[in-house]
Amino acid sequence: MDQDTDLQKAIARRSEIIEKLKKELIRRLNLRYSPEDLHEDVSLLGAGLGLDSLDALEIVLCVESCFHVRIPDDNIAVLRSINTLVDFVIKEQDSRNKQP
Amino acid sequence: MRELLLREQWTKAGAVLVERHGVQVVSHVSGLRAEHVAVRDAVGITDFSFMQKYRVPLEKGDDLLDGALAGNVAKIRFGRMLHTFMPDNSGHVVGDCYVANNDEELILLCEGIATDGDIRERLQPAGASDGILEDLTESHVLLGIDGFKAWAVVKELFGADVLGLAYLSVEVFPFEGESVYLFRAGKTSEFGYLLMAPAGVAAKLSDALTGIAARHGGVLCGVDAHNALRLEGRFFNIHAEGASVRDPLVLGLQWMIDFEKDRFHGAEAIKQRRAAGLKQKIVGVAAAPGQECLGVGAKVFHGQGGIGEVVAAAFSPSLNRQIGLAVLPIGLAFAGLRFTVGAAGGSPVETISMPPIFPKSLQVKLDEM
């Protein structure tokens with residue numbers, strides 16, 4: 001497989017997760033943005049979107065129900081942005097796929 | 001050039017002062033790395049007095065400021081702050097702004113890429129009533145207290161009540177018989193506060209802050225250290241990517257805009273570009289450790305073809321590698337991809353998720369403070 005195909009596969013996979021996550025976050029958190037308005041690096045909690053601790057719980061539930069991965073209680077680092085959430089989902093999916 | 005009110009104190013402390021957009025700023029004091037480490041591990045005191053500062057009566061202010069800013073000033077709750085930007089008539093960013101709702105007044109703090117006069121003109125368009133806007137730019141100082149131990153410095157100065165202040169909120173505290181505004185803000189991703197005080201008590205306040213900060217391992221900082229601090233925390237930096245890109249949609253600043261607001265300078269242009277769809281987007285990039293290939297203006301390549309450009313770059317002491325921001329075509333602006341920079345087949349660069357660090361301040365619990 002050439003480099004370009006790898007790149008396109010990586011983009012397609014990430015893009016699919018981002019799209020699904022954004023739609024669900026907008027619906028669950030009642031955000032007043034369209035998916036295109038939500039930059040993947042925008043801070044979710046505090047600065048940026050300014051979401052609070054209740055919203056953080058909703059984000060955790062959203063990720064867990066959409067992607068069937070579990071965010072450990074002490075892993076608030078993944079909640080920093082959409083991109084950090086997507087990284088977590090990809091890592092969890094990869095690690096699950098590697099299991100015999 | 002507008003000089004800093006505390007220029008003598010800064011000069012005595014060994015600060016290097018430079019001019020930026022017609023205003024004096026502290027470039028650095030003890031060195032970028034020492035100042036960066038102080039903020040991440042302890043606390044840094046920075047003079048943000050170069051920012052423009054205004055006070056407006058609440059009853060007239062929300063209309064005036066709503067016309068000049070992209071966010072919705074009328075929706076700011078009492079005691080809270082809004083982080084938004086000031087666009088020009090073509091919908092490009094001119095100032096990075098905080099607006100605080102304090103009782104019967106609104107306070108605007110603007111970090112602009114324009115002179116004091118340009119910013120004032122945008123706030124006071126022809127025909128606007130005189131006397132509504134009180135310019136505090138030259139009569140007040142604005143001191144930043146940023147860092148993992150910033151809360152300890154402010155607590156020692158004003159008492160334990162400051163610990164209850166939420167991010168983006170404002171309180172007024174007495175100091176030497178004057179009112180000092182305490183803004184819970186900051187763009188380093190560590191605890192951050194801005195203190196606005198009248199010139200009469202500025203030196204005493206600065207001395208008090210410096211003394212307390214020193215006991216907590218803090219140092220004096222210049223604005224240069226904030227370039228890497230902001231980038232690591234993925235806070236918008238109007239003097240870096242803001243100055244080179246300027247389009248708020250490409251910059252990913254949609255969260256600062258109220259698209260439902262009737263009018264503000266540049267609103268039509270922004271809405272038209274939004275309706276047309278984004279063609280480019282800003283994305284985090286990182287050089288390989290040990291490589292110094294990221295510089296503003298450096299071209300990014302995919303294979304043999306140029307695809308974009310680096311618009312902000314700094315060495316990250318936290319990650320021990322260069323990081324930056326690049327503008328790429330929307331179809332390639334994803335984290336986790338590998339390109340080259342400088343030339344086709346040049347130094348490798350990877351797109352990364354931002355923010356790339358997890359600051360100490362997010363790991364501390366209130367009962368540990």
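Author: A term to begin with: a nonpolar core is a set of buried Ala, Val, Leu, Ile, Met, Phe, Trp, Tyr and Cys residues joined through C-beta atoms within 7 Å. Please keep in mind that this is a predicted model.

Reader: Okay, so how many residues does the largest nonpolar core have, and which have the most contacts inside it?
Author: The largest nonpolar core has 139 residues, and those with the most contacts inside it are Val99(B), Leu108(B), Ile145(B), Leu195(B) and Val285(B). In soluble globular proteins, nonpolar side chains tend to be buried together.

Reader: Which residues is Ile145(B) in contact with, leaving aside neighbours within four places in sequence?
Author: With those neighbours set aside, Ile145(B) is in contact with Val43(B), Ile45(B), Ala150(B), Val153(B), Val154(B), Tyr193(B), Leu195(B) and Leu209(B).

Reader: Switching topic, what does the barrel in chain B look like?
Author: It is a closed barrel of six strands in chain B, running S14-S17-S16-S15-S18-S19 with antiparallel pairing. On average, and ignoring direction, neighbouring strands of this sheet are turned by 45° against each other. Helix H7 (residues 224–233) of chain B packs on the sheet, where it touches strands S16 (305–316) and S17 (321–329), and the direction of H7 makes about 115° with that of S16(B).

Reader: Is Arg234(B) buried or exposed, and why?
Author: Arg234(B) counts as buried because 27 other C-beta atoms lie within 10 Å, and 20 or more are needed for that.

Reader: Which other residue has a positive phi although it is not a glycine?
Author: Asp103(B) does, with a phi of about 60°, and it is found in the loop between strand S6 (93–102) and S7 of chain B.

Reader: Where is the cis peptide bond?
Author: A cis peptide bond joins Met354(B) and Pro355(B), with omega about -5°, and Pro355(B) is found in the segment after strand S19 (347–352) of chain B.

Reader: Last one: how many residues of chains A and B are in contact with each other?
Author: On chain A, 23 residues are in contact with 17 residues of chain B. The largest share of the chain A side, five residues, comes from H1(A), and by class that side has nine nonpolar, eight polar and six charged residues.

Definitions and conventions: Residues numbered from 1 in each chain as written. Chains lettered and ligands numbered in written order. Predicted model: local features only at pLDDT ≥ 70, side-chain atom pairs only at ≥ 80, totals over all residues. Pairing = 2+ DSSP bridges. Helix = DSSP H or I, 4+ residues; strand = E, 2+ residues; numbered from the N terminus. Axes fitted to C-alpha atoms, helices over the stretch in contact; angles between N-to-C directions. Contact = placed C-beta atoms within 7 Å. Nonpolar A, V, L, I, M, F, W, Y, C, P; charged D, E, K, R; others polar. Buried ≥ 20, exposed ≤ 12 C-beta atoms within 10 Å, placed from the backbone.
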